[in-house]
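Dear colleague,

Please find below the structure that I promised to pass on to you. My notes on it follow.

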Amino acid sequence: MQMNDSVAHSVFLAEAEDDVADRIGRAFASAKPDWGIVRASTLLEARSVLSRQKPDLAIVDIHLPDGDGMTLLPGRLENGQCPMIVLTNGAVGQALGAALEAGAIDCVVKSIESIQALPQIAERAIRSWAYVAAREKAEQTIRLLARALESVANGVIITDCDACIEWVNPAFSRLTGFTPEEAIGQNPRILKSDVHEDSLYRELWQTILAGSVWFGHMVNRRKDGTTYHEEMTITPICDASGNTTHFVAVMQDISERMQVEQALRKNTWALQTANRTLAQAIAEAEAACREAERANRVKSEFLAKMSHELRTPLNSIIGFTELMIQDTLDPPSPKRATRLEKVHRNAGNLLALINDILDLSKIEANRLTLDLAPVDVGHVLEECVELARPLLRAGTVELHLDLHPSVAQADPWMGDELRFRQIITNLLGNAVKFTEAGRITVLARIDANELMIEVHDTGIGIAAEHLDRIFQEFEQVDSSNTRRASGTGLGLAICKRLCRLMGGRIGVRSTVGVGTCFTVSLPWCQENAEHKQQTDAGEAVLDAFV
């Protein structure tokens, strides 16, 4: 291995005697001015430097003030570290054997002549170390390749240029029954089954002798006389001059595959029957898909017509209330202005809800996004409760808001205020519609970094068999024409979808004749909601509202 003499190397010197270190420094400065030297004067300092740096060469005194410099030596080549030269005050012969055994590459006495020659000794040491390291790496590569060839599942044969087998791997023996001792020295024709024409073998030899790779399907014979199918690849190996020296054949046993293919050919009728069944199933699936598309169009038409009928009067209500509020010629009284504000706000919320229904296709395509901003939860809940209060049955139903101190004292919640209002308004609307007497209570608290909202009522309740479908779109517990309250069956479905978009959940528990409690749980930290929104994106395609 050649080495460039002009390369500047880094040298580490562990030497306690200043005069010796100075002489070594001057010797290198004279002979190798481009080489850099880092010095340590104690064993502890030497270990610290070698743990941080990797010099090209280390020169270490055997006797350091705080220990034996030889302790730096063991296992240096195995650990990929640098070569080391040992310095001694005594005779070289006494220390050389121990130094070499410990891992040093040379031993030098601290004489004037030896120190003067140390740069040349160091250069030879670096050359020798590089050669040994390269040889070790090459040997490791050879061992790795040998283990790889021995461990592959396919049979491998290596022959010389005259087709004399020189090496086989264990998989070859398992495939053919020939041991390495039986195969080495033989010609691969020991596997010939006489199934193929001679033309196949002529074409094979013409290909590989031309330096090309041959690939084909063969039927060969094992040692016990049984035949097997294999796919074989033969690759010529050339030397630096381009002359073929060896051939490598890789053999893959495909007998089982051939048996499967033969069985498949024998069952053509069964496959055709399966194809006909599959075609019929596809046709039925396409028909079902068309029917689903038709139903979806009917649903969309219904939504469009219904929302149009509602939007027109609502826009009129909103417009006229704005005009009445802003009328400067006949300004409303404070009490009347307050009522007009409630009408205007209520109509606006309802219009927003209708707009959500219009955007059903957008929601189903998972294109509904949240508009996150700081939200005063307590204030929003108070407004929702006040907006619902005029809808109560006078004198028979009480409406209360119970804000836990954890909500009142917390910083604003990062969320979508419009969607949050929409959820609470829906739940309060249901409670008002189905509670003829008793009490409706809205509870709010922060529990385990979650905003918990509960809407309790003492209404008619929901039967257990209906609880699993009340969150489905267009589903109502009472769908008859004589049901107690009107509605489209979208409110709870929208609530559940919005809760999931916010990273939360909604649940219900109810007893017929006793009442119902809806629980909304939303993460207080909206980073969790955004992550949950992304996680649910795939589900939203199949589950638009729920």
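A crossing of two helices is called right-handed if the near helix is turned clockwise from the far one by less than a right angle, and left-handed if anticlockwise. In this predicted model, the crossing of helix 12 and helix 14 is right-handed. Helix 12 covers residues 377–388, and its axis lies 10 Å from that of helix 14, at an angle of about 35°. Helix 12 contributes Val 377, Val 380, Leu 381, Glu 383, Cys 384, Val 385 and Ala 388 to the contact, while helix 14 contributes Glu 417, Phe 420, Arg 421, Ile 424, Thr 425, Leu 428 and Val 432. Sorted by class, these are 10 nonpolar, one polar and three charged residues.

Among the buried residues are Arg 419, Gln 422, Asn 426 and Asn 430.

Ala 163, in the loop between strand 8 and strand 9, has a positive phi near 70° although it is not a glycine. Ala 163 is buried, with a relative accessible area of 4%. Asp 194, in the loop between helix 6 and helix 7, likewise has a positive phi, near 65°. Asp 194 is exposed, at 62% relative accessible area.

Yours sincerely

How values were computed: Residues numbered from 1 in each chain as written. Predicted model: local features only at pLDDT ≥ 70, side-chain atom pairs only at ≥ 80, totals over all residues. Heavy atoms only, no water. Buried < 20%, exposed > 50% of the residue type's maximum accessible area, 1.4 Å probe, protein only. Helix = DSSP H or I, 4+ residues; strand = E, 2+ residues; numbered from the N terminus. Axes fitted to C-alpha atoms, helices over the stretch in contact; angles between N-to-C directions. Contact = heavy atoms within 4.5 Å. Nonpolar A, V, L, I, M, F, W, Y, C, P; charged D, E, K, R; others polar.
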